[in-house]
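Please read the following explanation with the structure in view.

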Amino acid sequence: MVWSNTVLWSNKSRMLAVVAAAAVGLAAAGCSSGGSSGKVAASAKQTIVFAESGLGTEGQQTQVAISAFEKANPNIKVNVDVLSPNSTTYLSQLEQSFTAGASTPDVFESDVTYPAKFAQAGWLLSLNQFHPNMSQFFPHEVAAALFNGAPYAVPWFDNPEGLYYRTDLIKTPPTSPAQVVSDAEMAMKTDHSLKEGLAFEAAKYEGAITAFLTVDSAFGGKLDPANLDTPGNAAALAWLHDAIYVSHIAPTAVTGWQEGNVEAEFVAGHAAFSINYPFVESLATAPPVKGNVGYIPFPAGPGGTPGSALGGEMLAINAKTAHAAAAYKLISYLTSAPVETARAIVTGDPPSLPSAYTPALLAKAPYFANVKTLNSYSAPRPVTPNYLTVSADLQNLFSSVYASASTSAAAQALKSGAAAIAKAASATPGS
Amino acid sequence: MATDAPARERRTLPGRPPRGADSRAAADRRFGYLMVAPAVILLLAVTAYPLISNLWDSFHFDNLSYGSLPHKFVGGRNYTTMFSSGEWIAALARTLVFTAVTIVFDVVVGLGLALMMHRKFRGRAFLRASVLIPWAVPTVVSAMLWKTMFDPRAGFVDYFLGAIHPAWSSTTWLNASVWRSWVVIFVADSWKNIPFVAIILLAGLQIIPNEVYEAARIDGASPWQAFRRVTLPMLRPALVVALIFRTLQALLVFDVIYIMTGGGPGTSTETLSFLNYQTFIINTDFGYGGAISMMLVVIALVFSAGYVRFLRPQT
């Protein structure tokens, strides 16, 4: 009975969810001194659970910061629960805990796209009661932390996606999208070791959306699911499409590339331009790219503004926690400027606070100056509780455009797909 | 045993069996039930319970993302939504076409392979063992292998195609073209599953007595007539097993597509199982996802019943 096992994987997942939730619940009972009955004051002796996905240096640096926090707050012990590094699995793990009504994790790491969804589901504690000073963070990331005007998460680090270019091949940074194309064509003519002029994420996954968002505002576009079919969005999508099929500065292989593939192409010296995240700067350690890396917002065309896509992580509190005060204390500590600066030096995670870009940080890693510039432009993805559904629809739309050689593919796809995406974004379940 | 049973039957026919024998048989039965009970309970726990729970969910609103909304009965709404969904209809059509193409190809090539392995030749044992290797490789691994082999930069496929320079060589196979994406999925799926069909059919071939072929030869049957009139009819039970297994696997195809194309370009390689994954895992909608699952179960049952009925040995 092969079918019965496979068809019903969903049910098993659900059973597993229940088992996992029970395990989390038991862990909560064991770990949380206060349990879920009543609220525990920040000054009381207590243990809180912090869930994160960080491995390697990120995980180690979190542990260093938490040890320092525990030393400064001897009444609070923090148990770190390292969940999956895979974002889809991480999201499922969190959802299972919250669905089961578990009071742990008390505080957790959240992608910039989660707060709206989690807040809508009633899983997040509104941070209004703590009066967080949100104005100290980069405003674009703050926008992703708000739901119905209230803060539900605090920006932890801020990863802006932008345009990399080879400074040895392109002497002055391009100032328009058209110049990106002409510079790429020129570089490909002069340096035959280049395999492409531009590398970007066009595979069917979340990165295709951030790559689009990086160029979108340069054409005057805005990624608003309620109003997707605009001349700006069409021009931005057409530019990426034409890079593959008209100017041929990007190979058709980009339709299978994720950020790792794009990074590999640029770091290996195969690409004159690439669209990617800040981490690539620290990896360009070998010729011909070593010392020849420029990182800028995507240059604006007529009627546009320089483009960058917001990525990053936030910290949020479980609505069912009994340790909200202690959890917020931990968030305040982890998002303080000195701790963010220390983390940036060790892990390369760009701080969410402009004030954390200190001369000491810039002296150790000068490229953070570029990152700070990009952070002032970075546009968030649509803030909607239905984001995952919207994201899947957008991925389908972009993927179908990148698979079509037709020059009108972008305009046609936006025309035919906009209504369905607007409906997905505003859908009320159960209605 | 075979000669013993009728004799015993004859002995016991005129009257009731001795009391002792009856209670011993009952005790044997009870012991038998006891021995299979753990397996039956386990099977019920992992098949019947989820199936019933899934059926229950499919008539309810149950979306994890909206934990604050009540888990309420919605009647057949999830099913009507599904039947009127262009997405579901398209995924159903893709799944049925994929199933039809792969099972025909797999059975034809698998049968050829089985007939070849059934003949006596040097190295037959080695060939039989090595044919099983693709089937023993987990699908996720084989899908990754084929994805790499079709990579336009690193894969061997374009390297060899480039050497003979057909006009369509050095192309991007995955996600840049609908039909090329399907070709790659089809190749990866068949590479893994043809050996399975071949081994089942080989087992079927081995139980056909040689005497039947000799009789056919004496009657003047050509090799083709012997294949059509002797091999195929006597292979029917093995064919039914191979067809049922392969059909069910093809109807549920997910992992090879998830790894290779993620359902793209656009939604052009999304099958019913992929849509099910999207509904359950991404949208966390257990009600609608339950309805999609139940329809998959119904489709699988219809296919299985059809095979059993139409390929039943003629009496």
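Two residues are in contact here if their C-beta atoms, placed from the backbone, lie within 7 Å. The model to which this criterion is applied is a predicted one.

Let us begin with chain B. Its domain assignment gives domain 1, residues 4-58, and domain 2, residues 85-310. The centres of domain 1 and domain 2 of chain B, taken over C-alpha atoms, are separated by 37 Å. How many residues of each domain take part in the contact between them? Four residues of domain 1 of chain B are in contact with six residues of domain 2 of chain B. On the side of domain 1 of chain B that touches domain 2 of chain B, one residue is nonpolar, two are polar and one is charged.

Chain A is likewise described by domains. Domain 1 of chain A consists of 10-158 + 311-375, and domain 2 of chain A consists of 161-310 + 383-426. Taken over C-alpha atoms, the centres of these two domains of chain A lie 30 Å apart. To their contact, domain 1 of chain A gives 18 residues and domain 2 of chain A gives 19 residues. Which elements give two or more residues to the side of domain 1 of chain A that touches domain 2 of chain A? They are α5 (114-121), α6 (139-145), β10 (309-317) and α14 (368-375) of chain A. By class, the residues on that side of domain 1 of chain A are eight nonpolar, eight polar and two charged.

We now turn to a pair of helices in chain A. Two packed helices are described by the angle between their axes and the distance between the axes. The axes of helix α8 (residues 206-216) of chain A and helix α9 (residues 231-245) of chain A come within 9 Å and cross at roughly 115 degrees. This crossing of α8(A) and α9(A) is right-handed. From α8(A), the contact is made by A:Phe212, A:Val215 and A:Asp216, and from α9(A) by A:Asn233, A:Ala236, A:Leu237, A:Trp239 and A:Leu240. Among the residues of this contact between α8(A) and α9(A), six are nonpolar, one is polar and one is charged.

Key. Residues are numbered from 1 along each chain as its sequence is written. Chains are lettered from A and ligands numbered from 1 in the order in which they are written. This is a predicted model: local features need pLDDT of at least 70, side-chain atom pairs count only at pLDDT 80 or more; totals for chains, interfaces and linings use all residues. Axes are lines fitted to C-alpha atoms, for helices over the stretch in contact, and angles run from 0 to 180 degrees between N-to-C directions. Helices (H or I, at least four residues) and strands (E, at least two) are DSSP runs, numbered from the N terminus. A crossing is left-handed if the near helix is turned anticlockwise from the far one by less than a right angle, and right-handed if clockwise. Ala, Val, Leu, Ile, Met, Phe, Trp, Tyr, Cys and Pro count as nonpolar, Asp, Glu, Lys and Arg as charged, and the others, Gly among them, as polar. Domain bounds come from an automatic or database domain assignment.
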